[in-house]
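Have the sequence and the 3D view open as you read.

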Amino acid sequence: MSFSLILNSLQGTATTAGSQTSVGYNFNWSVLDNNAAYEMSFVFQSKNAGALTASSHKQIRLTGIGGLNNSYNVTSNGAATSTEVIGLVYPQTVDTTHYFFAGTETNPPVYFKHRPSGNNFKVELLNFDNALSTGNYEWTLILHFKKL
């Protein structure tokens, strides 16, 4: 069984007015089997994101989703803490239009021990210093869950 969840930045609740870099959603995960593990992959596409450079990559974090169990931040002292970052989005340019994109081939899948448990969760776009990105560009994120 597989399942896709389509998240549009305009259909969620922006944490900061006028910004699409932290958007909240409410979803009842009971459509998925709670006793099963899931592999999750994603695709992401933004609309015009203004001027971008090759170093404009962003991290995507799913805050409050619950159940994510295989992503860790590692520090120089060897410590590893779990993270809700699921991958990166990359700057792209077509003609004079700049946007962010990530496909299933640009990030490895992440795994859930069971279905996600946080009905209220946020999609956040982060800079590499883990600070919330600035910007007001619309986006669509498709999360694809495959039952293992």
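## Overall make-up

The protein chain has zero helices and twelve strands, where helices (H or I, at least four residues) and strands (E, at least two) are DSSP runs numbered from the N terminus. Read along the sequence, that gives β-β-β-β-β-β-β-β-β-β-β-β.

A word on the basis: this is a predicted model, in which local features need pLDDT of at least 70 and side-chain atom pairs count only at pLDDT 80 or more, while totals for chains, interfaces and linings use all residues. Residues are numbered from 1 along each chain as its sequence is written, and side-chain values use heavy atoms, with hydrogens and water left out.

## Size and packing

The radius of gyration is 15 Å, which agrees with the value near 15 Å for a compact globule of 148 residues; it is taken over C-alpha atoms, and the globule rule is 2.2 Å times the number of residues to the power 0.38. Those C-alpha atoms fill a box of roughly 45 × 40 × 30 Å along the principal axes.

Of the 148 residues, 40% count as buried (under 20% relative accessible area; exposed is over 50%, partly exposed in between, with a 1.4 Å probe and protein chains only). Among contacts (heavy atoms within 4.5 Å) with a separation of 6 or more, 78% link residues 24 or more positions apart.

## The core

The largest nonpolar core has 31 residues, and F44, L141 and L143 have the most contacts inside it. Such a core is a set of buried Ala, Val, Leu, Ile, Met, Phe, Trp, Tyr and Cys residues joined through side-chain atoms within 4.5 Å. Beyond its neighbours within four places in sequence, L143 touches residues including F3, L5, F42, L62 and I86.

## Strand 5 and its partners

Strand 5 (residues 58-63) runs antiparallel to strand 8 (residues 85-94), joined by four bridges; pairing takes at least two DSSP bridges. Here I60 has G87 as its bridge partner. Strand 5 also pairs with strand 11 (residues 120-126), again antiparallel, over five bridges, and R61 stands opposite E124 there.

## E84, in the loop

Where does E84 sit? It's in the loop between strand 7 (80-82) and strand 8, and it counts as partly exposed because its relative accessible area is 28%.

E84 and G64 are 20 residues apart along the chain, with 8.2 Å between their C-alpha atoms. The E84 side chain reaches the backbone nitrogen of G64 at 3.1 Å. Setting aside neighbours within four places, E84 also contacts residues including I60, R61, L62 and L68.

Key. A polar contact is a pair of N or O atoms within 3.5 Å; within protein, one must be able to donate a hydrogen and the other to accept it, and residues adjacent in sequence count only if both atoms are side-chain atoms.
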